[in-house]
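This report goes through one protein model, part by part. Keep the sequence and the structure in view while reading.

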Amino acid sequence: MDALRNVQRTEPQKSMSSFSFTVEAECSESWARAGTIQTAHGKIQTPIFMPVGTQATVKSVTPEELRGAGAAIILANTYHLMLRPGSRLVAEFGGLQHFMHWDGPILTDSGGFQVFSLGHLRKLSEDGVAFKSHLDGSAHLLTPENVMQIENELGADIILPLDICAAYPCTYDAAKEAMERTHRWEERAWIAKEDYQSEQTLFGIVQGAFEPELRQQSARFIGSMPFPGVSIGGLSVGEPKLEMWDLLKYVTPELPKGKPRHLLGVGSPEDLVIGVGLGIDMFDCVLPTRVARHGGLFTRYGRINIKSARYRTEHGVIEEDCDCYTCRNYSAAYVHHLARTGEQLYYRLGTIHNLRFMLRLAGQLRAAIIAGLYPAFRDNFLELYTPTSEQVRENQRKKWKAARLQ
Ligand SMILES: [Zn+2]
């Protein structure tokens with residue numbers, strides 16, 4: 001316990017890390033802010049959307065295409081990479097940046113979320129979580145300590161500690177138990193990370209399931225730890241969106257203003273616009289790239305299905321005044337044709353458009369905050385944009401789940 005008390009007294013570690021965060025503008029009517037995160041691999045202007053590269057690749061696009069779409073930082077999944085190709089192999093190649101030829105900042109999650117959603121025969125104890133790989137049934141153990149080692153080998157700029165994502169819905173007692181154990185694990189992770197003389201920045205994770213009081217408690221606890229940034233986990237796990245927004249109202253006021261806030265696994269266009277007003281700086285989600293591969297492309301009016309017959313003869317582009325590679329060069333009719341025939345090029349063109357849409361939206365939000373116009377921007381956007389309904393989302397989730405099990 002003495003060691004833990006020392007941790008709480010320690011100021012954020014600045015000596016080893018080039019990480020910093022500055023807030024440049026704040027909205028007077030909401031919690032929106034614009035800032036800059038500095039990392040060893042470059043700076044990130046916030047608010048930002050982070051494309052997800054699960055297997056050390058953002059599916060179907062090259063790092064050059066990512067840059068072209070305006071990506072400043074990407075996320076990679078520890079769970080998938082520790083199983084394949086293995087973190088030690090990635091370390092032999094000099095870390096993820098060298099392995100995948102992306103020279104910008106990278107964030108790796110802890111693997112916890114995937115263990116709870118993909119792993120089989122999980123056994124949770126104070127020590128950590130034992131599970132069997134969804135790929136070959138091999139046995140693995142993740143502890144707060146060995147996750148620090150694995151993420152050190154992967155070599156991302158920002159890393160996350162092992163946490164427990166409580167089920168939705170769950171009882172108050174189960175939520176409390178998961179949160180308290182997560183807090184103990186995060187203290188262990190902070191201590192374990194000290195063994196690695198790296199430039200990596202360890203964020204804390206706020207949990208507490210859907211209990212406002214626990215969320216407040218977790219935000220206060222994690223906010224007072226020396227983590228230079230905070231991720232908010234355990235949301236977007238099947239709950240209605242309104243519930244998620246409501247909970248954030250309890251979390252944000254408890255967090256220190258000087259640390260960037262990351263909302264884990266959240267990122268539809270409307271999520272970005274609303275989340276920014278609730279004080280979130282960083283978003284990540286597979287949604288924009290995943291729906292693109294299924295034909296769902298974003299426009300300011302909502303998500304369209306490019307496979308729909310109405311685009312067969314469309315001479316115009318997917319989204320008027322979109323500056324992405326796809327919209328600069330191809331008609332909606334051509335993209336429709338590629339999507340309908342299942343051509344490889346479609347996956348690339350669709351993905352590029354959706355990524356650019358999200359990154360342009362993040363840039364527009366930033367400009368609006370700096371200009372003092374965020375509330376008007378949010379209201380205009382939400383008036384034009386028709387979100388995909390909860391029912392449609394639920395059906396899609398089921399389809400993807402079924403496809404994954406085959
Ligand atoms: Zn476009």
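## Salt bridges

A salt bridge is counted when a side-chain nitrogen of Lys or Arg is within 4 Å of a carboxyl oxygen of Asp or Glu. Side chains of opposite charge can pair when their charged atoms come close. In this predicted model, R33 and D281 form such a pair, with N and O 2.9 Å apart. R33 belongs to strand β2 (residues 33-39), while D281 sits in the loop between α11 (269-277) and β15 (282-284), so the bridge ties together parts that are 248 residues apart in sequence. Both R33 and D281 are buried.

The structure holds 20 salt bridges. Another of them links E26 to K257, where the closest N and O atoms are 3.4 Å apart. Because E26 is in strand β1 (residues 20-26) and K257 is in the loop between α10 (241-251) and β14 (261-263), this pair ties together parts that are 231 residues apart in sequence. E26 has 47% relative accessibility and counts as partly exposed. K257, at 56%, counts as exposed.

E145 pairs with R188, and here the closest N and O atoms are 2.9 Å apart. E145 is part of helix α7 (residues 144-154) and R188 is part of helix α8 (residues 172-193), so the bridge ties together parts that are 43 residues apart in sequence. E145 is partly exposed at 32% relative accessibility, and R188 is partly exposed with a relative accessible area of 21%. Salt bridges that share partners also join E126, R181 and R184 into one network.

## The zinc site

Which residues coordinate the zinc ion? The donors are C322 (SG), C324 (SG), C327 (SG) and H353 (ND1), at 2.1 to 2.3 Å. Along the sequence, these donor residues follow the spacing C-x1-C-x2-C-x25-H. C322 and C324 are buried.

Why does the arrangement around the zinc ion count as tetrahedral? Four donors are given that label if all angles lie between 85 and 135 degrees. The angles subtended by the 4 donor atoms here run from 102 to 116 degrees, so the arrangement is tetrahedral.

Strand β8 pairs with β7 (residues 120-124) through 3 bridges, and the two strands run antiparallel. A hairpin of 4 residues joins β7 to β8. Strand β8 also runs antiparallel to β9 (residues 139-142), with 4 bridges between them. The hairpin formed by β8 and β9 has 6 residues between the strands, and in its turn G137 has a positive phi of about 75 degrees. K132 takes part in both pairings: the bridge partner of H120 is K132, and K132 stands opposite A139 in β9.

## Helix α14

What covers the buried residues of α14? The covering elements include β16 (296-299), α13 (325-329) and α15 (344-370). The helix itself spans residues 332-341, and its buried residues include A332, A333, V335, H336, L338 and A339. An α-helix has 3.6 residues a turn, so residues three or four places apart point the same way. Just after α14, G342 takes a positive phi of about 65 degrees.

## The loop at F93

F93 is found in the loop between α4 (87-92) and α5 (96-100). With 47% relative accessibility, F93 counts as partly exposed. Leaving aside neighbours within four places in sequence, F93 is in contact with H98 and F99. F93 and L154 are 61 residues apart in sequence, and their C-alpha atoms are 9.6 Å apart in space.

## Confidence in the model

The protein chain has an average pLDDT of 93, and 92% of the residues score at least 70. Over residues 1-15, the pLDDT is below 50. Beyond near neighbours in sequence, this stretch has 16 contacts in the model.

How values were computed:
Residues numbered from 1 in each chain as written. Predicted model: local features only at pLDDT ≥ 70, side-chain atom pairs only at ≥ 80, totals over all residues. Heavy atoms only, no water. Buried < 20%, exposed > 50% of the residue type's maximum accessible area, 1.4 Å probe, protein only. Contact = heavy atoms within 4.5 Å. Pairing = 2+ DSSP bridges. pLDDT = per-residue confidence, 0-100. Donors = N, O, S within 2.8 Å, 3.2 Å for Na, K, Ca; no water. Tetrahedral: all angles 85-135°; square planar, octahedral: opposite > 155°, others 65-115°.
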